[in-house]
Amino acid sequence: MTPDPNEWAAGGTYTLLIELPTATTIGVGALGEHRFRAGWYAYTGSALGSGGFARVDRHRELAAGERTTRHWHIDYVLGRPDATLRDVVTSAGADVECAVAASLPAGPVDGFGASDCGCRAHLARFAGRDAALSAVRRAHDEAGG
């Protein structure tokens, strides 16, 4: 589905669904090394500044190997060759990042993606795609996105 250009430019809150097919240890910047089990990961962030959801495009480019610079915690996961960005759920024009993250299961790494707020983490893990996608869509809907 092609995003509406006006909504894409306006930005909002997004959740990336990432598949890690095998367990791996990943160094996550200042958070250090952490063991990630195989499964599906949901990372929630915001893109409210100029450029809107262009941040999501940047994440896609990093996941595809077209970028190498890592700015955010999720970049360390997306930069792995075995990680695949599979889906993106957005709430255009809505600042519901923390509400969405709080509605998802507790993440595997405390502080992941939450260095600028009081949340425990903005990363959740699921065993499968269907459970992840369903939970993320519900979280966005319930948060008013």
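Modeller: In the largest nonpolar core, which has 21 residues, those that touch the most other members are Leu16, Ile18, Phe36, Ile74, Val77 and Phe112. A nonpolar core is here a set of buried Ala, Val, Leu, Ile, Met, Phe, Trp, Tyr and Cys residues joined through side-chain atoms within 4.5 Å. Buried means under 20% relative accessible area, exposed means over 50%, and partly exposed lies in between, with a 1.4 Å probe and protein chains only. The model is predicted: local features need pLDDT of at least 70, side-chain atom pairs count only at pLDDT 80 or more, and totals for chains, interfaces and linings use all residues. Residues are numbered from 1 along each chain as its sequence is written, and side-chain values use heavy atoms, with hydrogens and water left out.

At least two residues of this core come from each of β1 (12-20), β4 (39-47), α2 (54-63) and α3 (73-78). The element that gives the most is β1, with 4 residues. Helices (H or I, at least four residues) and strands (E, at least two) are DSSP runs, numbered from the N terminus.

Beyond its neighbours within four places in sequence, phenylalanine 36 has contacts (heavy atoms within 4.5 Å) with Leu20, Thr22, Ala23, Thr24, Ile26, Val28, Tyr41, Val77, Pro108, Val109, Phe112 and Leu123. Another core, of 15 residues, lies apart from the largest one; Val89, Ala94, Ala132 and Val136 are among its members. In soluble globular proteins, nonpolar side chains tend to be buried together.

Among contacts between residues at least 6 apart in sequence, 68% join residues at least 24 apart.

The cysteines complete the account. The structure holds 0 disulfides, a disulfide being a pair of cysteine sulfur atoms within 2.5 Å. Cysteine 98 is in none, and the nearest cysteine sulfur, that of cysteine 119, is 3.4 Å away. Cysteine 98 is partly exposed, at a relative accessible area of 33%; cysteine 119 is likewise partly exposed, at 23%.
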